[in-house]
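Please give me a walk through this protein in the viewer. Tell me what to select next and what is there.

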Amino acid sequence: MDREQEQMQFLGIFGIYREACKIIITWRRIFSKITLALILPPSFIFLAHVEATDLLHRKVVHDKMERHFTPAGSARSNKLTDVISEDRTLYWLFKVAYLTFYLVLSLLSTLAVV
C-alpha cells in the first residue's frame, strides 16, 4: 500500500493484481502462516470427505445390488437390509459431522481474516 487512496482508485485490473502481489511478497511470512493454519486444514478435510463419502456410497450401492439378486424374505436378504440401513445411517452421520466441522473451520478462518 505504497500509494495514496486517490491513486488506488484509478488502478486497473492489472494494477490491482500488481499491488496484491507486492503486499503478499512483502508480508510473505505472515501469509504463509495464514495459509498453513486457515486454508490447508479445510482443504484436506474436504478431500478426505470426498473419499470417505465415495467409499460409503459405493458400499451402500454394492449391498443394494447384492440384495436385489437374493431371494426376497431369505435370511441373507434380511441381513443385507439391516446392513444397508446401518450403512446409510453411518453415511448421514458422517455427512452431518463433516458439515458441522467444516462450518466451524470456515467460520474460524473467516473470523481470523476479518
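The tour goes from the whole chain to single residues.

**Before you start.** This is a predicted model, in which local features need pLDDT of at least 70, side-chain atom pairs count only at pLDDT 80 or more, and totals for chains, interfaces and linings use all residues. Residues are numbered from 1 along each chain as its sequence is written, and side-chain values use heavy atoms, with hydrogens and water left out.

**Whole chain.** Show the cartoon. You will find 4 helices and 0 strands, in the order α-α-α-α from the N terminus. Helices (H or I, at least four residues) and strands (E, at least two) are DSSP runs, numbered from the N terminus.

Now turn the model. The C-alpha trace spans about 80 × 25 × 20 Å along its principal axes. The radius of gyration is 25 Å, while a compact globule of 114 residues would have one near 13 Å. That radius is taken over C-alpha atoms, and the globule rule is 2.2 Å times the number of residues to the power 0.38.

**Surface.** Of the 114 residues, 16% count as buried. Buried means under 20% relative accessible area, exposed over 50%, and partly exposed in between (1.4 Å probe, protein chains only).

**Helix α3.** Select residues 28-68, then I30 within them. I30 counts as partly exposed because its relative accessibility is 43%.

**Helix α4.** Select residues 75-113 and pick D87. Is D87 buried or exposed? D87 is buried, because its relative accessible area is 8%.

**Aromatic pairs.** Rings of Phe, Tyr and Trp (its six-membered ring) pair if their centres lie within 6.5 Å; planes under 30 degrees apart count as stacked, over 60 as edge-to-face and the rest as tilted. The count by this rule is 2 aromatic pairs. Select one of them, Y91 and W92: the pair is edge-to-face, with 5.2 Å centre to centre and 85° between the planes. Y91 is buried at 16% relative accessible area. W92 is exposed at 55%.
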